[in-house]
Amino acid sequence: MTIFIISTILFSILALAFTLTVTVWTYEDAKLKSNHTPMIWVVIVLFTSPIGIILYLIIGRHKKDVPGPTGFRLPIIIFTLLFLASAAFFTYGTVRFVQEVGGASVRMGSFSGSRSHLRNETWTFTANRANGHERRNINFTAAQLNDFHVFSDSGGGTTLRLEQNNNVKTVDISGFVDRNVDLSAFEPGRVRVRLDFDRADDVYVRLSW
């Protein structure tokens, strides 16, 4: 969530700076090179950038032999590069946000031969070797909380962690485990479900609810 907020703010600021810089350049350039009223192109570029910029370059610049305004090239290049970098960061932040909110898995660490899928109220994770964690945000009903079941046949160092607000439950699921997990302390709604691995080998975990 933090990455998404920061990337959104940064992208918005740089997008505004880029648009304003190009808009000012369009106004100054149109005064010298266009037969149209410069403010017309200012409005077009301001509200339709970058389409407006392309339109201006194609049909708005009539006086090809007249030199354009000076002093804008470097700022435009800098803001363009910063804007593109912020757009990439914003895309990354958005993907992370969708993963956090939408229930997709978020993984960190080193994994070998791993597979993870969520289907029909069952999350199955397998790996030849796992060191790190993988988590999902899952929305549970009251009935699903009562039916939460874990089956694990894994090497040592495998832990199940469930979080909801300040409520945290940790279960060691190393070795062979086949039982329900008491989630009576949790409320219906979104729960962060995380599998932690500490150099675990031959991992097989199936969570169902």
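Is Tyr56 buried or exposed? Tyr56 is buried, with a relative accessible area of 0%; buried means under 20% relative accessible area, exposed over 50% and partly exposed in between, with a 1.4 Å probe and protein chains only.

## Basis of the description

This is a predicted model, in which local features need pLDDT of at least 70 and side-chain atom pairs count only at pLDDT 80 or more, while totals for chains, interfaces and linings use all residues. Residues are numbered from 1 along each chain as its sequence is written, and side-chain values use heavy atoms, with hydrogens and water left out.

## Nonpolar cores

A nonpolar core is a set of buried Ala, Val, Leu, Ile, Met, Phe, Trp, Tyr and Cys residues joined through side-chain atoms within 4.5 Å. The largest such core has 27 residues, and the members that touch the most others are Phe148, Leu160, Val193, Leu195 and Leu207. Two or more residues each come from β3 (122-140), β5 (158-164) and β8 (189-208); helices (H or I, at least four residues) and strands (E, at least two) are DSSP runs, numbered from the N terminus. Strand β8 gives the largest share of this core, eight residues.

Leaving aside residues up to four places away in sequence, Phe148 touches Phe140, Leu160, Leu162, Asn180, Val181, Leu183, Leu207, Ser208 and Trp209. Contact here means heavy atoms within 4.5 Å. Another core, of five residues, lies apart from the largest one and includes Trp25, Ala30, Trp41 and Tyr56.

Helix α3 (residues 51-60) has Gly52, Ile53, Tyr56 and Gly60 among its buried residues. These residues are on the same side of α3 because they cover an arc of only 105° around the axis; the arc is that of the directions from the helix axis to the C-beta atoms. Ile51 and Ile58, on the other side of α3, are exposed. The buried residues of α3 are covered by elements including α1 and α2 (38-48).

Ser7 belongs to helix α1 (residues 2-33). Its relative accessibility is 0%, so Ser7 counts as buried. Ser7 and Ala88 are 81 residues apart along the chain, with 9.0 Å between their C-alpha atoms.

## Aromatic pairs

A pair of aromatic rings is described by the distance of the centres and the angle of the planes. Rings of Phe, Tyr and Trp (its six-membered ring) pair if their centres lie within 6.5 Å; planes under 30 degrees apart count as stacked, over 60 as edge-to-face and the rest as tilted. The structure has 13 aromatic pairs. In one of them, the rings of Trp25 and Tyr56 have centres 6.0 Å apart and planes at 85°, so this pair is edge-to-face. Trp25 in helix α1 and Tyr56 in helix α3 are 31 residues apart, and their pair links distant parts of the chain. Trp25 is buried, with a relative accessible area of 14%.

Phe151 and Phe176 also form an edge-to-face pair, at 5.3 Å centre to centre and 90° between the planes. Phe151 lies in strand β4 (residues 149-154) and Phe176 in strand β7 (residues 175-180), so the pair ties together parts that are 25 residues apart in sequence. Phe151 counts as buried at 17% relative accessibility, whereas Phe176 is exposed, with a relative accessible area of 58%. One aromatic cluster is formed by Phe11, Phe18, Phe83 and Phe90.

## Charged side chains

A salt bridge is a side-chain nitrogen of Lys or Arg within 4 Å of a carboxyl oxygen of Asp or Glu, and the count by this rule is seven. One of them joins Glu28 to Lys31, with the closest N and O atoms 3.3 Å apart. Glu28 and Lys31 are three residues apart in helix α1, which means a separation of about one helical turn. Glu28 is partly exposed, with a relative accessible area of 26%, and Lys31 is partly exposed, with a relative accessible area of 42%.

Arg161 and Glu163 meet in a salt bridge at 2.4 Å, N to O, and Arg161 counts as partly exposed at 25% relative accessibility. In the salt bridge of Arg199 with Asp198, the closest N and O atoms are 3.2 Å apart. Arg199 counts as exposed at 53% relative accessibility, and Asp198 as partly exposed at 46%.
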